[in-house]
Every structure is written in structure tokens, then in C-alpha cells.
Amino acid sequence: MSVEYMLAERTARSGRVSRARIMMRIATVSAALGIAVMIVTLAVVSGFRHRIYGDLRGFAADIRVCDVRTLRGGEGEPVAPSDGFLGRLRSCGGVAAAWPYAEAAGMAKSGDQVVGLGVKGVDGSCDLAWWRSRLVSGAMPSIGEEPRTKEILLSRTTAAALRLDVGDRVEMLFMDGEGRPRRDRFVVSGLYDTGFEELDRTTALTDMRNVQRIASADNRAISGYEVQTRRGADAAAVSAAVEEAIEAAFYDDGDESVGAAAAVTLAERYPVIFDWLKTHDVNARVVLAVMMAVVLFNMVSAMLIMVLDRTGMIGVLKAMGMRNGAVRRIFLYRAAMLFVRGAAWGNGVGLALVGLQAWLHPVRLDPSGYMLSELPVRVDVWWLAALNVGAVSVTVAVMTLPSMIVARISPEASLKYRQ
């Protein structure tokens, strides 16, 4: 243990009444509040990003390969399934899984209640883990099994609007590929809820064969393919690899089913949502900057008062031969101890608030403005560690400036100072 650290620890544990003690407590409380607010801010921003991206990914996968006309807001033409192209998709770098899907827009009717509803159909190769994690009642529909069943998974919001429950029947009205009305009936196998009401209200899940019977004349056409990327893979880079697979299938294999296909990522399909998430990142940076400025202001004030309060000690140490740099290190150690103590309290308070929100959800949101019904929070170890290490490093670095006042204190004058 260095002499400077030992003296800093001794002064920190000193029980004498000091004019600086109140300022020390204010600085500690300021550091605690600042760290707590920064943790809550980052947890909310991370929660929004993770929750919304996770739900979008569950509804539509990371990348879709579909008719290019759907990118302009229109309805794309159904395509014939191609096992060869599907094999190319699954062999692309960064692809974890790929499967075909079929969609049809229609109306759901139960008694006098009618709502617009989009039905998505998938086969047995689809990863249904996300859907199962959002299941709140009943069971998943039978998908890809024989014999085919006409089961459907509705959102809790849609079921409430139609006054349906698990086991009830719902009548669906569609327009087939030739513009003729088609009716069909499904059994509600289960209810899901994501809190993402904008998509919950318009999405139902069933076996792909049920949708193919309604949307295509030959009962085989699909809407496209969904691609799930590997963990940590860049969706844009994987999308570029998928585009190359489309070109290779069309030009090399002569697969005309992908002639009008394009790969589109979630950010390209939902640009408004991703721009909205970016505004949250900007707001978070502003909050972090303001809170850090407040903390640093109080820490600088505390440092100056600490130096002035220990003027006599500084004179004695200088008279005994201690250099200015060593004396400055004493107060830098003291400031670091002060900030770390406040940061520890701040971490406790901030994580407690985040845990309370994650457990009991006391803060609710208006889905029409925030897309979610509750405030999402998420704590990642990497940004929590980076926040604490960065805050301590910045604070100690800034404290070097006010600590330079030590060099201006002469032993002759300071020894006359009565504490």
C-alpha cells in the first residue's frame, strides 16, 4: 500500500467534525443519483431496442425473401416453392435457419364482431420458439403434421375483440388469387400476447397448407422465405449474401421462381420504427451527458473543499519533503473513494428500480404512442461495467485539474492555518 493511498484512507475514515463533511455527503448523494439515473436510462433504451427488435424478429424473422413489389407497399405475387433455392439460402454464411411462409389478408368474424386479420402460415421447419414463449393460453396450432388440422393461434387482443377463447371457432373471409371470396373456419388452439399491439391486432398463425389452400389456385404457392441469422451476425451482410444466392439461383440454376425476389431486412421493412429507436439513443446520450456534468460539478466542488479543509495537513506534508504530485495523489485517491462509494449506492438503487419494473411493471405505456403496453427494461453486463468504469475514469481524470491547487499552497502559509 502506497503512502498516498494510506493517507487518503485515513482522512476518509477520520471522525473529526469538518466543514467539508456536508459537501462530501452531497457529492456522494449526487454520484449515487447520477449513476442510478444513468442505469435506468440505459436499461429503458436497451429494453426498448431488445423488446421491439425481438418482437419484429419473431413476427417476420431477420430477413425476408419476397416479391420486390411488396417493398413498395403493394401485394407481391405468390411464387412456386423451390427446394433448390431453399438449400442455397440455408448454406449462406450467417444463416441459422430458413423456411417458406405464406400470408393472406382477410376478415375474421365471430357473431356480430368483425376485425381485419392477416394470417401467416409456416411449415414444420419454422423455428416456433419465439411464438411458444409468447403463448398465454391454450396450445400452439398443429403445424406441419399429418393429418392437416385447421387450428389457428390468435393474439389475446384479437380474441378479446372477437369475444373468443381457446376452443372456439372463428370464421375467416379471404379473397383468393383470382379475386373470388373464400370462406373458411378455424379452431382457436391458443392465445399469444407480445404487448406489441400494433402487430398483435393483425397477425394470426396457422399451418402453411391452410393459407395455401386459400391464397393460391394450385394449393402450393408461397409468399416467400424467412431467414433467421446466427447470433451476432450482421443482418445487412447476411442480406447481401442472400442477394447473391438469389442471383445464383436465377442465372446459374435457371430458377424463375426467384426472378422478382429481393432480400429485405427488418430495418428496411420497418424504417420508421428503427428511426424511432435511434431517437431514444439520442435522448439517452443527452441524459447521460447532463447527469455526468452534474456529478462532475459536485465532485469538483468537493475536491476544492477537501483541499482547503486539509490545508494544514498539506503544509506539514510539504514541510516533511513530500512533492506536489504525491500530495495531489492523496486527494485523487480520496475523490475516487468518494465517487466509488456513491456509485455503489447508485448501482444498488438503479438496479433495484429496474428489477421492480421488470417484475411488477408499475410503469405502463400507451400502445398507440409507444407500441408497447409496458415500459421494457433490460440490463446487459457489458454496458453496466462500461458505465461504471467509464464514470470512475472520467471523474478521476477531471479531478486532476482542481487537485493542481495543491501546488499553490506554500508550507509557510499553510502551517499558520488553524483547522
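Colleague: Where does Asp67 lie, and how do you know that Asp67 is buried?

Modeller: In this predicted model, Asp67 lies in strand β1. Asp67 has a relative accessible area of 5%, and buried means under 20%, so Asp67 is called buried.

Colleague: How far apart are Asp67 and Ala263, in sequence and in space?

Modeller: They are 196 residues apart in sequence, while their C-alpha atoms are 8.9 Å apart in space.

Colleague: Happy with that! What makes β1 and β9 a pair of strands?

Modeller: Two strands pair if at least two bridges are found between them. Strand β1 (residues 63–67) is joined to β9 by four bridges, so the two count as paired. They run antiparallel, and Ile63 has Val227 of β9 as its bridge partner.

Colleague: How many bridges join strand β2 to β9?

Modeller: There are six bridges between β2 (residues 95–110) and β9, and these strands run antiparallel. With at least two needed for a pair, β2 and β9 are therefore paired as well. One of the bridges links Val95 to Thr229 in β9.

Colleague: Why is β9 called mostly covered?

Modeller: Strand β9 spans residues 224–229, and six of its six residues are buried. Each of those six therefore has under 20% relative accessible area.

Colleague: Which residues have the most contacts inside the largest nonpolar core?

Modeller: Val65, Leu89 and Val170 do, in a core of 41 residues. Leaving aside neighbours within four places in sequence, Val65 is in contact with residues including Phe85, Leu89, Tyr101, Val227 and Ala263. A second, separate core has 39 residues, among them Ile39, Leu42, Met292 and Met313.

Colleague: What makes helices α2 and α10 roughly antiparallel to each other?

Modeller: The axes of α2 (residues 21–60) and α10 (residues 271–309) cross at roughly 170° and come within 9 Å. Angles over 145 degrees count as roughly antiparallel, so that is the name for α2 and α10. By class, their contact has 29 nonpolar, six polar and two charged residues.

Colleague: How do you know that helix α11 is mostly covered, and which of its residues are buried?

Modeller: Helix α11 covers residues 311–319, and seven of its nine residues are buried. The buried ones are Thr311, Gly312, Met313, Ile314, Gly315, Leu317 and Lys318. Met313 also belongs to the second core.

Conventions:
Residues are numbered from 1 along each chain as its sequence is written. This is a predicted model: local features need pLDDT of at least 70, side-chain atom pairs count only at pLDDT 80 or more; totals for chains, interfaces and linings use all residues. Side-chain values use heavy atoms; hydrogens and water are left out. A nonpolar core is a set of buried Ala, Val, Leu, Ile, Met, Phe, Trp, Tyr and Cys residues joined through side-chain atoms within 4.5 Å. Buried means under 20% relative accessible area, exposed over 50%, partly exposed in between (1.4 Å probe, protein chains only). Contact means heavy atoms within 4.5 Å. Axes are lines fitted to C-alpha atoms, for helices over the stretch in contact, and angles run from 0 to 180 degrees between N-to-C directions. Angles under 35 degrees count as roughly parallel, over 145 as roughly antiparallel, 65 to 115 as roughly perpendicular and the rest as oblique. Ala, Val, Leu, Ile, Met, Phe, Trp, Tyr, Cys and Pro count as nonpolar, Asp, Glu, Lys and Arg as charged, and the others, Gly among them, as polar.
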